[in-house]
Amino acid sequence: MSASVLYDAPGPRAKALNWVYSAVALAVVVWVAWIVYSKFDETGQWDAEKWKPFLEAPVWENFLIPGILGTLSAFAVGSVLALAFGFVFAVGRMSTHKIVSIPSAVVVEFFRSIPMLLLMMFIYFSQSGMFGLQSDVFWAVVIGLTLYNGSVLAEIIRAGVHALPKGQSEAGFAIGLSQGQVMRSILLPQAVRSMLPAIIAQLVVLLKDTALGYILAYDELLNQINKIDGNFNNLIPAAIVVALLYIVMNTILGLVANFVEARTRRVAHTAGPVGTTQDPAVQTATAAGMPGGTA
Amino acid sequence: MDLISESGSIILTSFGLTLRLAFFSGIFSLLLGVVLAIFRVSPVPVLRWVGAAVVYTFRNTPLTLVMFFALFGLSYQLGLSFDEDLIWRNAFWLAVLALSVYTSTFVCEVLRSGINTVPLGQAEAARAIGLTFTQNLRLVVLPQALRSVINPLASVIIAMTKNTTVAVTIGVTTASMVNEASGQMKTLMEKNSDQILLIFIIFAVGFMILTLPIGFFAGWASKRFAVAR
């Protein structure tokens, strides 16, 4: 909509001008691409031998697939735990008992306001320093992902419940349901349906944030760049391939989010607005969620 | 409390470095984000494609990888150097560049959603009195869009402030080799394994001090500058 309200359908003069602007813009893009290409060419980044490993099985078997598995396993465990954390603390924060809701709010706000990397580092060092355990980088990454993204998910779920019309819970109370029953069987199912696109968007963030594991030397996809470079001396091609793999993985999740949103819009199973709303709480939750995380 | 007397000044220096990273990245990401948003809504198709390609690429790439590219690709391969002699200064500006480009894509999307909240009639009226695309955007649409996105924009800036910790990927330090906050916290934890919780709390509180005022200011500003409709 924005594009069309800002300018009229172009007349002959505007059309000609648009052609000129397009040509200039295209020239700049080609010029920049050429600089990058030729500089990389100077240092031999396009040499066939640097790219050939990616067409052969060993690089995939030894580095890329283990890297993808490392990333995906942190993502899988992290998202399950984050969803559980999100539900528990969303419900906790909406509780009418202050003794439950205040601590829940403090926990959620605390984990939302500190950088996830600091959290991961703290968990990593505290495993041996405070609990005398063997430091396990996988769990440091996963727990870090869980606490931060779980807190954001809690806010998304809470915003979804708040966006439901009041009549929904009033009807539940009227037929004699308890508060827990209203939450469990009326509010949460609708809130989750309407917030599904935002929830999946947050999972995309979680997937990207697994890359923070690189800093703690967790064996995920990004760490494979250095390993591949060690074997084939092709840092830049390896980094480009890994970037493409991340883009593919995130795009697939993004497409799932779009599909779900389109479906939820078509089949109205909820009284609440789908996805994002004008509700400032939702906006803040999702806006914070987007770049939110870290990596 | 020995820790504070011993390392207090180092911790302050590391937060100073983090603050400088956040300050410059904030300014550049806002500027770049506005430019990207204008690209994405402009009548010129090529500019729209360029804007979309930049946003799509950087949003789907982890910041850690963007940082990695800034150092190994841009600096080592393409020869982009902000300071030939001082490695730590070069790393600082590379981190600012990576953070700015990454954050600007989120700024762009927030602004675009802001442009969508401007009622159609506003833009139509602007066109009716003969304003061009640029005038329309500059005088009518952008001022209203900006005022409606103060809160989400603040969330992006807060996230960016927290994201400065990722600069540890390329080792951002000062002349006296004090790391930015996350690198410094790691060093301190490695050295004082008996005071890990205290160190964590100091750094966590440090980030709250950096980010909470942004949130409060945004809350005040979004009410103060709200567009009355």
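Colleague: Let me begin with a pair in helix α5 of chain A: how far apart along the helix are Glu109(A) and Arg112(A), counted in helical turns?

Modeller: Good place to start, and please keep in mind that this is a predicted model. Glu109(A) and Arg112(A) are separated by about one helical turn, because they sit three residues apart in helix α5 of chain A. Their side chains meet in a salt bridge, with 3.6 Å from N to O.

Colleague: What is the cut-off for calling that a salt bridge?

Modeller: The nitrogen of a Lys or Arg side chain has to lie within 4 Å of a carboxyl oxygen of Asp or Glu. The 3.6 Å between Glu109(A) and Arg112(A) is the value to compare with that cut-off. Over all chains, the search finds eight salt bridges.

Colleague: And how many salt bridges does the rule find across the interface of chain A and chain B?

Modeller: Zero salt bridges are found there. The rule does find six residue pairs in polar contact across the interface of chain A and chain B. On the side of chain A that touches chain B, the residues divide into 41 nonpolar, 17 polar and four charged.

Colleague: Which element of chain A gives the most to that side?

Modeller: That is α11(A), with ten residues.

Colleague: How do I read the extent of the contact, and what area is buried between chain A and chain B?

Modeller: You can look at residue counts and at area. Chain A brings 62 residues to the contact and chain B brings 61 residues. The buried area between the two chains is about 5,500 Å², and carbon and sulfur atoms give 74% of this area. Of the area that chain A buries against chain B, Leu6(A), Leu118(A) and Phe125(A) supply 12%, more than any other three residues.

Colleague: What about the surface: which residues form a nonpolar patch?

Modeller: Look for Val20(A), Val24(A), Val28(A), Trp31(A), Val32(A), Trp34(A), Ile35(A), Tyr37(A) and Trp46(A), which together have about 880 Å² of accessible area. One of these residues, Val24(A), is found in helix α2 of chain A, which covers residues 12-42.

Colleague: Now for chain B: how many helices and strands does its secondary structure have?

Modeller: Chain B has nine helices and zero strands. Its C-alpha atoms fill a box of roughly 70 × 45 × 25 Å along the principal axes.

Definitions and conventions:
Residues are numbered from 1 along each chain as its sequence is written. Chains are lettered from A and ligands numbered from 1 in the order in which they are written. This is a predicted model: local features need pLDDT of at least 70, side-chain atom pairs count only at pLDDT 80 or more; totals for chains, interfaces and linings use all residues. Side-chain values use heavy atoms; hydrogens and water are left out. Patches are made of residues with over 30% relative accessible area and no salt bridge: like charges are joined within 9 Å, nonpolar side chains (Val, Leu, Ile, Met, Phe, Trp, Tyr) within 5 Å. Accessible areas come from the Shrake-Rupley method with a 1.4 Å probe; for residues, only the protein chains shown count as cover. Helices (H or I, at least four residues) and strands (E, at least two) are DSSP runs, numbered from the N terminus. Contact means heavy atoms within 4.5 Å. Buried area is the accessible area (1.4 Å probe) that two parts lose on being put together, summed over both. A polar contact is a pair of N or O atoms within 3.5 Å; within protein, one must be able to donate a hydrogen and the other to accept it, and residues adjacent in sequence count only if both atoms are side-chain atoms. Ala, Val, Leu, Ile, Met, Phe, Trp, Tyr, Cys and Pro count as nonpolar, Asp, Glu, Lys and Arg as charged, and the others, Gly among them, as polar.
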